Amino acid sequence: MHAAAVAAQADYLVTGNTKDFSWDADSAPYEVLTPDEFFVPVDQAMGDLVDLVAQKMSDYWVKRSGEADLPARLVAAGCPEFAVRVRTHLQRHM
């Protein structure tokens, strides 16, 4: 993953495995973030867009499988704080 991020000249690497990227942050070619560290500020900056995407994803999963517990899926994926935000967005449409 490191080689790909360097080759792509990435500014950020989003991973749930931050312990494998623990070198000196000042010399790293990119910032390593957990999913919550990335997605929570996205929601803060573009909440309307997150709201729209959350609703579309929910609709997709309901049509595909009959249920869509996006917050539970986000918690399982290591995004508990973002999951709370998505739950709040989805509750606005109920």
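Ala-76 is exposed in this predicted model, at 72% relative accessibility, where exposed means over 50% relative accessible area, buried means under 20%, and partly exposed covers the range in between, as judged with a 1.4 Å probe on protein chains only. The residue is found in helix 4, and the helices (H or I, at least four residues) and strands (E, at least two) named here are DSSP runs numbered from the N terminus. Between Ala-76 and Val-86, which are 10 residues apart in sequence, the C-alpha to C-alpha separation is 14 Å. Because this is a predicted model, local features need pLDDT of at least 70 and side-chain atom pairs count only at pLDDT 80 or more, while totals for chains, interfaces and linings use all residues. Residues are numbered from 1 along each chain as its sequence is written, and side-chain values use heavy atoms, with hydrogens and water left out.

Contacts, defined as heavy atoms within 4.5 Å, show the surroundings of individual residues. When residues up to four places away in sequence are not counted, Leu-70 touches Ala-54, Met-57, Ser-58, Trp-61, Val-86 and Leu-90. Ser-58, in turn, is found in helix 3 and is buried, with a relative accessible area of 12%. With residues up to four places away in sequence again left out, Ser-58 touches Ala-68, Leu-70 and Leu-90. Ser-58 and Phe-38 are 20 residues apart in sequence, and their C-alpha atoms are 21 Å apart in space.

In helix 2 (residues 35–45), the buried residues are Pro-35, Asp-36, Val-40 and Asp-43. These residues lie on the same side of helix 2 because they cover an arc of only 105° around the axis, the arc being that of the directions from the helix axis to the C-beta atoms. The buried residues of helix 2 pack against strand 1 (12–14), strand 2 (31–33), helix 3 and helix 5.

Empty space was also examined. Rolling a probe the size of a water molecule over the atoms shows where empty space is left. A pocket is an open set of points, on a 1 Å grid over the protein atoms alone, where a 1.4 Å probe fits, with protein on both sides within 12 Å along at least five of seven lines, and its lining residues have an atom within 4 Å of a point. The largest pocket holds about 180 Å³ of space, and its lining consists of Gln-55, Ser-58, Ala-68, Asp-69, Leu-70, Pro-71, Arg-87, Leu-90, Gln-91, His-93 and Met-94. Helix 3, helix 4 and helix 5 are the elements that give two or more residues to this lining, and the largest share, 3 residues, comes from helix 5. By class, the lining has 5 nonpolar, 4 polar and 2 charged residues.

Several loop residues complete the description. Gln-9 lies in the loop between helix 1 (2–7) and strand 1, where it is exposed, with a relative accessible area of 70%, and it has a positive phi of about 55° although it is not a glycine. Pro-29 has its place in the loop between strand 1 and strand 2 and is partly exposed, with a relative accessible area of 48%. The C-alpha atoms of Pro-29 and Lys-63, which are 34 residues apart along the chain, are separated by 42 Å. Thr-34, in the loop between strand 2 and helix 2, counts as partly exposed at 23% relative accessibility. Leaving aside neighbours within four places in sequence, Thr-34 is in contact with Val-14, Thr-15 and Thr-18.

Note on methods:
Grid points are joined across faces, edges and corners, and a volume is the space filled by probe spheres set on the points. Ala, Val, Leu, Ile, Met, Phe, Trp, Tyr, Cys and Pro count as nonpolar, Asp, Glu, Lys and Arg as charged, and the others, Gly among them, as polar.
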